[in-house]
Amino acid sequence: HEGRGAGLFHKMKAYEYLDKHPTETHVKALHAIGCESDIRKYDAAVRFLKLKLQVKSIRLFTNNPDKIKTVKKYFGNDFSHESMPAVPSPHNKKYLMEKVELLGHEGLL
C-alpha cells in the first residue's frame with residue numbers, strides 16, 4: 001500500500017509525473033494520475049485492536065489527522081496521541097509543508 005494506499009505502480013507513476021513537473025506537489029501528482037490524496041482507511045485495524053484484541057486504551061504516535069480521528073472514534077477517552085517530531089531540511093521541507101497544508105498533518109514544522 002505504498003503511496004498513501006495507491007500502490008507501488010501508482011507511486012512510481014506519481015514520481016514520473018513529478019519528474020516532468022518538479023514544482024508540483026505529491027498530492028497534485030496523485031490527482032493527475034487519477035488517484036485520491038490518501039485512500040487508506042483505518043477503521044478495520046482500529047476495530048480489530050478494540051474488539052478482537054480487547055485493547056483497553058491506546059497511545060498513538062502520528063501526525064495524521066485521519067488516524068487520530070479514527071482511533072478517537074473507537075477509544076474515546078481511552079485514547080491519547082503524540083505528534084511525531086520531524087526535522088525539516090532542504091531535502092524534505094517541501095514535502096513536510098505539503099503534508100501540513102494539503103493533508104492537515106500536525107507538528108511537522
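User: What makes residues of α3 and α4 count as meeting, and which residues are they?

Analyst: Contact means heavy atoms within 4.5 Å, and on that criterion Asp43, Val46, Arg47, Leu49 and Lys50 of α3 meet Thr70, Val71, Lys73, Tyr74 and Phe75 of α4. By class, this contact has five nonpolar, one polar and four charged residues, where Ala, Val, Leu, Ile, Met, Phe, Trp, Tyr, Cys and Pro count as nonpolar, Asp, Glu, Lys and Arg as charged, and the others, Gly among them, as polar. The model is a predicted one, in which local features need pLDDT of at least 70 and side-chain atom pairs count only at pLDDT 80 or more, while totals for chains, interfaces and linings use all residues. Residues are numbered from 1 along each chain as its sequence is written, and side-chain values use heavy atoms, with hydrogens and water left out.

User: How is the packing of α3 and α4 described, in angle and distance, and which hand does the crossing have?

Analyst: Helix α3 (residues 43-52) and helix α4 (residues 65-75) pack at about 35°, with 10 Å between their axes; an axis is a line fitted to C-alpha atoms, for helices over the stretch in contact, and the angle, from 0 to 180 degrees, is taken between N-to-C directions. The crossing of α3 past α4 is right-handed, a term used when the near helix is turned clockwise from the far one by less than a right angle, anticlockwise being left-handed.

User: How do you know that the length of helix α1 agrees with its number of residues?

Analyst: The expected span is 1.5 Å times one less than the number of residues, so the 13 residues of α1 (residues 8-20) should span 18 Å, and the 19 Å between its end C-alpha atoms agrees with this.

User: Why are the buried residues of α1 said to line one face, and what lies on the face turned away from them?

Analyst: Buried means under 20% relative accessible area, exposed over 50%, and partly exposed in between (1.4 Å probe, protein chains only); in α1, Ala14, Tyr17 and Leu18 are buried. Seen down the axis of α1, these buried residues fall within an arc of 100°, and they therefore line one face, the arc being that of the directions from the helix axis to the C-beta atoms. The face turned away carries the exposed residues Leu8, Phe9, Asp19 and Lys20, while the cover over the buried residues includes α2 (26-32).

User: Which classes do lysine 67 and glutamate 98 fall into?

Analyst: Lysine 67, in helix α4, has a relative accessible area of 26% and is therefore partly exposed; not counting residues up to four places away in sequence, lysine 67 touches Tyr42, Leu60 and Thr62. Glutamate 98, in helix α5 (residues 93-103), has 3% and is therefore buried.

User: How many helices and strands does the protein have, and what makes a run count as one?

Analyst: Helices (H or I, at least four residues) and strands (E, at least two) are DSSP runs numbered from the N terminus, and the protein has five helices and two strands, which follow the pattern α-α-α-β-α-β-α along the sequence.
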